[in-house]
Amino acid sequence: MQFYDNHILTVILLTPLVGALLLLFIPRENENAHRTLGNAFGLLGFVVSLPLLWRFDPSVSGYQFLENVDWIPSIGARYTLGIDGISYLLVILTTALGAISILSSWSAIQVRKKEYYILFLLLQVGMLGVFMALDFFLFYVFWEVMLVPMYFLIGVWGSDRRLYAAIKFFLYTLAGSVIMLVAILALYFRAQQITGQYTFDVPTLLGTAPQFSTLVQQYLFWGFFFAFAIKVPMFPFHTWLPDAHTEAPTAGSVILAGVLLKMGTYGFLRFSLPLLPTDAAARQEIINILMVVSIIGIIYGALVCMMQKDMKKLIAYSSVSHLGFCTLGIFALTPQGLAGSIIQQINHGISTGALFLLIGVLYERRHTRLISEFGGLSTPMPSFAAIYLIMTLSSLGLPLLNGFIGEFTILLGVYQVSVGWTAWAVVGIVLGAAYLLWLYQRVMFGPVTNPANEHLPDLNAREYATLVPLVVLAFWIGIYPKPLFTILEQPVRQIVQQVNPGYYSATGAAAVRPPVVSSQGPGQSQSVLASPGSSASIVAAAAPVAKR
Amino acid sequence: MDNFSQDFFLILPQVELTLFGLAILVFDFMLGVRDKTGNAVFAMLGVLFSGISLYRLHGLGADPVGGFTSSIVVDPFFVFFGAIFLAALALVILLSVRYLQIEEEHHGEYYALLLFATVGMMFMASGYDLIVQFLGLETMAISFYILTGFLRGQRRSNEAAVKYLLLGAFSSGLLAYGFSLLYGISAMADVRGPMGMPLMLPRTNIDVIRAALEQRGPSDLLVLLAIVTVAAGLFFKVAAVPFHQWAPDVYEGAPTTITAYISVASKTASFALLLRLFVYGFWPVRVNWIDVIAAVAVASLTIGNFAALTQTNVKRLLAYSSISHAGYVLLGLVAALSGEEGNATGLTGIAFYLFAYAFMTAGAFAIVIVLRRQGLIGDELDDMNGLYQRSPASAVLLLIFMLSLAGIPPLAGFVGKYYIFLALIQTGHYYLAIFGALYIVPALYYYFRVVVHAWLREPTAAGEMRVTAAQSVALAVMCAVTIIAGVYPEPFIQMATHSLSLPAAILGR
């Protein structure tokens, strides 16, 4: 217990690894044992991460649960783990979606079960490591390690064009990563010239970034940019995504959409933003490019969705559109934009993950994903249709569901920067509603056109177990998002203060009411949102007045 | 220093290997046809004894100790490379027994020649005199010419041997010509011993050559000619572009165990010689050739990687990949020699890279060797099909070696590449670093072609795979080193840093 208290992140990180090693020693004939143990460790991975919920202190700025051990002293690389509000949410998302997707594979994976569960657990280790690592070397190791299991998940258990999709995914991501490696090394030496010591410590290295010349900052920014932009994926780098998502097995798609893409946005938040040039003109130039690219991604992704014949491909392209919102929010550089973007990342994990699961359910029953094969499914599968509807609405941003909170907050954040960009982004929302509802209409409503669909069984207990938690989360975030905003308050504030120092002094609000900000809400995002948090902060602000 | 017994002690590892090699030649006659494994045991004993002697030399410390009027030197550099050669030799012997039985060419000469080749390599690493170095190189090369053609019944083995011999002789000629020019330069130069005393060292000594080159200066035409010819000869031996054409044919034709040994030990030994000459000997005139090396490195990376993309034979594929690995090591050399005082990171990177390369490449070849069965060569990509179903452990090992070769963390190959990039960036070679890093992408593609065949294709060749105990030991060792040196590289980095550093004499301190 003592060990767990002091090394909670290591325990979360290594639980799936222990599971994978254990599975390695069970003979392959014993398929049920693999399946059961795989699920057990998936669940265990989630359970050991649960104590974070009450141990994480959102009022602390900076990283928590730090662990710091010497690893390779010759180059200054250390085993440093730690999480702040952003990575905290993503870690929980990873363990939760991991457990759910492993459960969803129960009957879908019929061959090579042993390897499947081993690789899936290894994938979990890689993804968790990326979100926890506070050492660039360690971060890079996890970032790369994760590619290998994903390659095999797509390549072995995928559908027809799996080999092509798998290697495309691997090569695209690798190309970005190796450039990032060079950028990391460049940063390492630049920082050494300032601090005088060789270290890969993330906060230290990024802390020196503002002292570089504008040119160096620009080079470093673009050096990191490609790795993250390919991962997200941003518009011109997105071509691997439809292939990988469509060919991957259901659980693979859920993890790809739910967690892997977030590694890109996480990278932007954690590494790219602090590297933005301090020079206002140079920064604006980069921001303009990225905003335009994000908006192209939103609209292009949505338009392409309209034309898809394959349900899974449609959802895959919708990720391009939704992640465009996330990057839009990030590069607005306002607290609302950032907080909204992070919440939208979580939302996207929930709703797109659920949609992939639902398509997986259909695929297991019919072995096709073509929209034209279906129609009128709400008659034989009413519960399925209901959950599908909730997730569709959540994905298109209906109020009271999670998608609305994210998109709305992002738009608020972007609006403060430019009305024009906001207007373009709203077009994306409208198109999103169009393609999602049109898809729903074609698949669910009307008479059952295809006789094969007449007697499809509705969801079974296991499928409920994978979907209901996501539905609950969707409603919870949609109705009461305050805990998320509270968690994000400190890290977002820190980022904005570093990359957009003019923001707080210009609006003045946060600076004028320091007690409110430190004790309660993230200043801007809450009061503007008129969420329950804002009333609390009003009360808090009013309290001293009343005493007087 | 001229005490003969002490000098003898300094070459004891080589002497022991030679004696065991000769003994194998004699005892081979006494062994029955079925007992030829005894030769392998004997050879392993030789490695063991030599290893112990080498370990005792390791105890001499970090300062170089010269012997035989400084024509050989024992320093961490030699101990490091000697250890790699012996380790590779032991692994190859373990892999060879079964392979030779299948090929029905189980003769004692095979092991004797392996030992003699290793003696040559060790003299290449310890030689501090052009003549000793050249003799070492030729001892190694001639042994390899014979070993390449060891499968007398196979045409492609014979063809490879002839090709290797002709081109190898040509490159040795170039090297000898370069050496003679160097000798001329140093014989004409006015080099004096300490405190102006007449020089007691031969004119072929590396220190004398360095002093002579320093007097001549980098712009001298004769110096340029000498360095270009020496470089060409050595580039041939390490299979760097444009002197690489022999590699794919020889790799494909030679018995796979020998291919492994050529690609691992012969290349490492040639790099040892190259480093000894270029870093220790040609240091004063490095401005001359640093761009040449960069160009050769880039060309090796380009041609090696792109030619490997379309290969259908695993041995050829690995041949081209080893060309690209030579490119990475040369990039490290570019970094190591930049700047007034050189770059220690670059040298560490080279040493680590060669160390990692030895084990992961040997591992990759070992899988091909394990695949070899009666009536099936086992080195086409299609022969790998379904390896996963036939032998899951071999498939996992193959995956680990391929990932390491491509440079995916946390494996040894990644740390090696990482150090090369680190050094390039430290010395300001940003473009070379980006260039080298981007070549990981095509490299991964062709390494994964092998993986795809092994993991994702259905088995075409039926039948169980048999892995002997000796092969398992060898595979386990290679795999363990590849993983440990990747996950916890610290001790290996220390070792690399200790082994390869610029001597104080060169830096003028």
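Student: Why is A:Leu400 called exposed?

Tutor: A:Leu400 has a relative accessibility of 55%. Exposed means over 50%, so A:Leu400 counts as exposed. Keep in mind that we are reading a predicted model.

Student: Where is A:Leu400 in chain A?

Tutor: A:Leu400 sits in the loop between helix 17 (382-396) and helix 18 of chain A.

Student: What is the phi of A:Leu400, positive or negative?

Tutor: The phi of A:Leu400 is positive, about 80°, although this residue is not a glycine. Most residues other than glycine have a negative phi.

Student: Why is B:Ser70 called partly exposed?

Tutor: Buried needs under 20% and exposed needs over 50%, with partly exposed in between. B:Ser70 has a relative accessible area of 27%, so it is partly exposed. B:Ser70 also has a positive phi, about 60°, and is not a glycine. You can find B:Ser70 in the loop between strand 1 (65-67) and strand 2 (72-74) of chain B.

Student: What makes helix 18 of chain A largely enclosed?

Tutor: Eleven of its 14 residues are buried, so the rest of the structure largely encloses helix 18 of chain A. Among the buried residues are A:Asn402, A:Ile405, A:Leu411 and A:Val414.

Student: How does the reach of helix 18 of chain A compare with the span expected at 1.5 Å a residue?

Tutor: Helix 18 (residues 402-415) of chain A reaches 20 Å from its first C-alpha to its last. The expected span uses one less than the number of residues. For the 14 residues of helix 18 of chain A, 20 Å is expected, and the reach is close to that.

Student: How do you know that strand 1 and strand 2 of chain A pair?

Tutor: Pairing needs at least two bridges. Strand 1 (residues 64-72) and strand 2 of chain A have six bridges, in the antiparallel sense. One of the bridges joins A:Asn68 to A:Thr80 in strand 2 of chain A. The two strands form a hairpin with four residues between them, and A:Gly76 in the turn has a positive phi of about 80°.

Student: What makes strand 2 of chain A mostly covered?

Tutor: Six of the seven residues of strand 2 (residues 77-83) of chain A are buried.

Student: Which omega goes with the cis peptide bond from B:Val241 to B:Pro242?

Tutor: The omega of that cis bond is near 5°. B:Pro242 lies in the loop between helix 9 (221-238) and helix 10 (246-253) of chain B. The bond from B:Pro409 to B:Pro410 is cis too, with omega near -5°. Most peptide bonds are trans.

Notes:
Residues numbered from 1 in each chain as written. Chains lettered and ligands numbered in written order. Predicted model: local features only at pLDDT ≥ 70, side-chain atom pairs only at ≥ 80, totals over all residues. Heavy atoms only, no water. Buried < 20%, exposed > 50% of the residue type's maximum accessible area, 1.4 Å probe, protein only.
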